[in-house]
Amino acid sequence: MPNKIRRLAEERVKAETVKRTIPLTPEEMQQKLFELEVHQVELEMQNDELHRTQAELQTVRAKYFDLYDLAPIGYITLNDNGLILEANLYIANLLGVNRSSLINQQIIRFIHNEDRDIYYLHRKQIINSNNMLSCELRLASEGPATSWVSLQSSSVHDVGGTVVHRVTISDISERKQTEYIRSTIENTIQHDLRSPAANAVSITKLLLTESNITDKQKGLLISMRNSGQKMLDTLNSSLELFKVESGQYHGKHSSIDCLALVFEISHSLNDVSRHNLANIDVLMNNTTPLSTMNCFCTGNVTMLRASLYNLITKRIGGCSRGKSRCEFRFGEGMPHRDTK
């Protein structure tokens, strides 16, 4: 390039020399020399500015690489027909392909067959909207595995005025796996565990109405009923916790006698705890509370019973020798627990 510019400059100077018929005076030659020197300085200054601009462009390019190519989410740019114009390294690694092989490919090629209708609807909504829209679907990589992703898309005009679609892609496979496991556990609790437990409680209650059972049989049936009820309460509490985590819980709170609840749990556990050489005593302000005393709070009785039951049984399990204390302070807000 420099040689070509010099050749063109020489040809231009020769052409100007041919046109000049009158010799220059010494004053004119001095003026021309001065103009040449000024022009040379201008060229040097322009050259320095060009170098500075190139250095700034390299810095911007490096920042662009960090922000775009090394981003923890995928970035792609699509034309109005769904053709991939740009893609960063994240999406290429997610699909298991080279980034260069993504360019000028239809995005639909990398979407799971069963989810392509979801993408077509998403794309139609993008074209008819000025807002950022989202959807969740599966990508089909080069290998056998598929990835669940969340797409956030919007339509914009590029520097040339052409409509393009900017899409960010986030991998949500882990969240989907967690949701699947949670759903499986929830279905197992609801159908395989809760129903048999409820039937067992109902049967023991029915047997307790019989008049020809002995006191020993009655005691066993009461123990079975209480154990089954505790299991049922724990299962119901687990189902409600799943609803809380998923934002679907709409349970009603009621007034609960916390002291009576602690007594109920301690009485049901005393027989079991003796096998571990432990005994449960309930104290209120370091003294044994009277049966007429109470301590009310507001909450969900099933969840509170299950929480207290789990806390106390865990404390019993860790009590091998000596004394252990598990203190609960009920006040505004949630119950507070101290263990010693």
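Trainee: What should I know before reading the values?

Mentor: Local features in this predicted model need pLDDT of at least 70, side-chain atom pairs count only at pLDDT 80 or more, and totals for chains, interfaces and linings use all residues. Residues are numbered from 1 along each chain as its sequence is written, and side-chain values use heavy atoms, with hydrogens and water left out.

Trainee: How many helices and strands does the protein chain have, and what makes a run count as one?

Mentor: The protein chain has eight helices and nine strands.

Trainee: What share of the protein chain counts as buried?

Mentor: Of its 340 residues, 25% do. Buried means under 20% relative accessible area, exposed means over 50%, and partly exposed is in between, with a 1.4 Å probe and protein chains only. The accessible surface comes to about 24100 Å², and 54% of that belongs to carbon and sulfur atoms; the areas come from the Shrake-Rupley method with a 1.4 Å probe, and for residues only the protein chains shown count as cover.

Trainee: Why is Arg138 called buried?

Mentor: Its relative accessible area is 17%, which is under 20%, so Arg138 counts as buried. Arg138 sits in strand β3, residues 133–140. Not counting residues up to four places away in sequence, Arg138 touches Ile111, His112, Glu114, Asp115, Thr146, Ser147 and Trp148, where contact means heavy atoms within 4.5 Å.

Trainee: What does Ser147 look like from its own side?

Mentor: Ser147 is in strand β4, residues 146–157. At a relative accessible area of 13%, Ser147 is under the 20% limit and therefore buried. Leaving aside neighbours within four places in sequence, its contacts include Arg138, Leu137, Leu139 and Leu94.

Trainee: How do you know that Phe110 is buried, given its place in a loop?

Mentor: The loop in question runs between α3 (89–95) and α4 (116–127). Phe110 has 3% relative accessibility, under 20%, so the label is buried. Phe110 and Arg138 are 28 residues apart along the chain, and their C-alpha atoms are separated by 8.9 Å.

Trainee: And Asn104, what makes its backbone stand out?

Mentor: Asn104 has a positive phi of about 65° although it is not a glycine. Most residues other than glycine have a negative phi. Asn104 lies in the loop between α3 and α4. At 52% relative accessibility, Asn104 is over 50% and so counts as exposed.

Trainee: Which rings form the aromatic pair, and why is the pair called tilted?

Mentor: A search of the whole structure finds one aromatic pair. The rings of Tyr119 and Tyr120 have their centres 6.2 Å apart and their planes at 50°, so the pair is tilted. Rings of Phe, Tyr and Trp (its six-membered ring) pair if their centres lie within 6.5 Å; planes under 30 degrees apart are stacked, over 60 edge-to-face, and the rest tilted.

Trainee: Are those two tyrosines buried or exposed, or something in between?

Mentor: Tyr119 has a relative accessible area of 5%, so it is buried. Tyr120 is at 42%, so it counts as partly exposed.

Trainee: What makes Lys176 count as lying over the face of Trp148?

Mentor: Lys176 is at 4.5 Å from the ring centre of Trp148. A charge sits over a ring if NZ of Lys or CZ of Arg is within 6 Å of the ring centre and within 35 degrees of the ring normal.

Trainee: How do you know that α5 spans close to what is expected?

Mentor: Helix α5, residues 173–207, has 35 residues and reaches 50 Å from its first C-alpha to its last, close to the expected 51 Å. That expected span is 1.5 Å times one less than the number of residues.

Trainee: Where is the kink in α5?

Mentor: At Arg194, shortly before the proline Pro196, with a bend of about 40°. The bend is the angle between axes fitted to the seven residues ending there and the seven starting there. Buried residues in α5 include Ile189 and Ala197.

Trainee: Why is Leu308 called buried?

Mentor: Its relative accessible area is 2%, so Leu308 is buried. Leu308 lies in helix α8, residues 301–317, and its C-alpha is 8.7 Å from that of Leu261, 47 residues apart in sequence.

Notes: Helices (H or I, at least four residues) and strands (E, at least two) are DSSP runs, numbered from the N terminus.
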